[in-house]
Amino acid sequence: MSQFIVGLTGGIGSGKTTVANMFADLGIDIVDADIIAREVVEPNSAGLAKISAHFGPNILNKDSSLNRAKLRDIVFKNENEKNWLNQLLHPLIRAQMINQCNLAQSKYCILAVPLLLENKLQSLVNRVLVTDCNTNTQISRASHRDKNSAAQIKQIMAAQLDRETRITYADDIINTELILTQIRAICENLHQNYLKLAN
Ligand code: ATP
């Protein structure tokens, strides 16, 4: 069981998944908040039942899955509904993150949470690892990957911490402007340090 948890965070397109995959290659268990956020509203979950009771059955697709676009549209336009949804989902996601970290088998585990700092979840982790690159690099990488427009990505970035503030919370920072072989070497160094800290 992993007693030592490294929180991995960073802005959109800053390289979190890339770095998480490198730690996974080193045999480290990754707990991914984005995956958990989908699991807590999957068909037949308690979370989805509460959402459909609150918003009505029209919030579901024909196959009983959540109509995310519709839900996003509702909460985008209505602050009260957004708060209601966050109050439902945040505790479910938090409990599941703790649960999966407890189940992790590696000497330490990585808890990857894009909004770790924005949602003030630092108390869940022993150490904060931040992926950091220029904002222009973030925009070009994120837009290249998702086919989102630069405007959409800038909008998402505006709702996240700015780089300077984010790195003040970091115990370790990976500069993701570097090439992947250099990043891999940095991950291996951090890995050795985390193994020591976990002991
Ligand atoms: P998001 O927050 O949008 O989920 P992320 O922080 O997980 O993004 P990644 O998906 O790891 O970021 O990286 C974004 C894109 O940039 C990917 O296509 C990835 O392959 C590429 N990328 C990441 N790091 C590098 C690098 N050092 N050099 C070149 N490309 C990179």
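Colleague: Leaving out residues up to four places away in sequence, which residues does Leu 89 touch?
Modeller: The model is predicted, and what follows is computed from it. Leu 89 is among the residues with the most contacts inside the largest nonpolar core. Once residues up to four places away in sequence are not counted, Leu 89 touches Val 40, Val 41 and Ile 51.

Colleague: How many residues does the largest nonpolar core have?
Modeller: Those with the most contacts inside this core are Ile 51, Leu 89, Met 97 and Leu 111. The number of residues in the core is 31.

Colleague: Which element gives the largest share of this core?
Modeller: Helix H2 (33-39), H3, helix H4 (68-77), H5, E3 and strand E4 (127-132) each supply at least two residues. The core also draws at least three residues from each of domain 1 (1-28 + 106-199) and domain 2 (35-105). The largest share is six residues, and these come from H5.

Colleague: How many residues are in the other core, the one with Val 6 and Leu 8?
Modeller: This core lies apart from the core of 31 residues. Besides Val 6 and Leu 8, Tyr 108 and Ile 183 are among its members. Its residue count is 17.

Colleague: What is the count of aromatic pairs?
Modeller: Rings pair if their centres lie within 6.5 Å. By this rule, the number of aromatic pairs is three.

Colleague: Is the pair of Phe 55 and Trp 84 stacked or edge-to-face?
Modeller: The ring centres of Phe 55 and Trp 84 are 5.5 Å apart, with 90° between the planes. An angle over 60 degrees is the criterion here. The pair of Phe 55 and Trp 84 is therefore edge-to-face.

Colleague: How many residues apart are Phe 55 and Trp 84?
Modeller: Phe 55 belongs to helix H3 (residues 46-55), and Trp 84 belongs to helix H5 (residues 79-103). The pair links distant parts of the chain, and the separation of Phe 55 and Trp 84 is 29 residues.

Colleague: Is Trp 84 buried or partly exposed?
Modeller: The limit for buried is under 20% relative accessible area. Phe 55, at 18%, is buried. Trp 84 has 26% relative accessibility, so Trp 84 counts as partly exposed.

Colleague: Why is the pair of Tyr 108 and Tyr 194 called edge-to-face?
Modeller: The ring centres of Tyr 108 and Tyr 194 are 5.4 Å apart. Tyr 108 is in strand E3 (residues 108-112) and Tyr 194 in helix H9 (residues 180-198), 86 residues apart. Both are buried, Tyr 108 with a relative accessible area of 0% and Tyr 194 with 0%. The pair is edge-to-face because the angle between the planes is 75°.

Colleague: What is the order of strands in the open sheet?
Modeller: The sheet has five strands with parallel pairing. Strand E2 (29-32) and strand E5 (172-175) each pair on one side only, as edge strands. The order is E2-E3-E1-E4-E5.

Colleague: Which residue in E4 is the bridge partner of Gly 7?
Modeller: Strand E1 (residues 4-10) and E4 run parallel and are joined by five bridges. Across them, the partner of Gly 7 is Val 128.

Colleague: At what angle to E1 does helix H1 run?
Modeller: Helix H1 (residues 16-25) lies across E1, E2, E3, E4 and E5. Its angle to E1 is about 150°.

Colleague: What is the phi of Lys 120?
Modeller: Most residues other than glycine have a negative phi. Lys 120 lies in the loop between E3 and E4, and at 66% relative accessibility Lys 120 counts as exposed. Although Lys 120 is not a glycine, its phi is positive, at about 50°.

Colleague: Where is Gln 160?
Modeller: Gln 160 has 15% relative accessibility and counts as buried. Leaving aside neighbours within four places in sequence, its contacts include Gly 11, Leu 115 and Arg 166. Gln 160 is in the loop between helix H7 (150-158) and helix H8 (163-168).

Colleague: How far apart in space are Leu 180 and Tyr 108, C-alpha to C-alpha?
Modeller: Leu 180 is in helix H9 and is exposed, with a relative accessible area of 53%. Leu 180 and Tyr 108 are 72 residues apart in sequence, and their C-alpha to C-alpha distance is 23 Å.

Methods. Residues are numbered from 1 along each chain as its sequence is written. This is a predicted model: local features need pLDDT of at least 70, side-chain atom pairs count only at pLDDT 80 or more; totals for chains, interfaces and linings use all residues. Side-chain values use heavy atoms; hydrogens and water are left out. Rings of Phe, Tyr and Trp (its six-membered ring) pair if their centres lie within 6.5 Å; planes under 30 degrees apart count as stacked, over 60 as edge-to-face and the rest as tilted. Helices (H or I, at least four residues) and strands (E, at least two) are DSSP runs, numbered from the N terminus. Buried means under 20% relative accessible area, exposed over 50%, partly exposed in between (1.4 Å probe, protein chains only). A nonpolar core is a set of buried Ala, Val, Leu, Ile, Met, Phe, Trp, Tyr and Cys residues joined through side-chain atoms within 4.5 Å. Domain bounds come from an automatic or database domain assignment. Contact means heavy atoms within 4.5 Å. Two strands pair if DSSP finds at least two bridges between them. Axes are lines fitted to C-alpha atoms, for helices over the stretch in contact, and angles run from 0 to 180 degrees between N-to-C directions.
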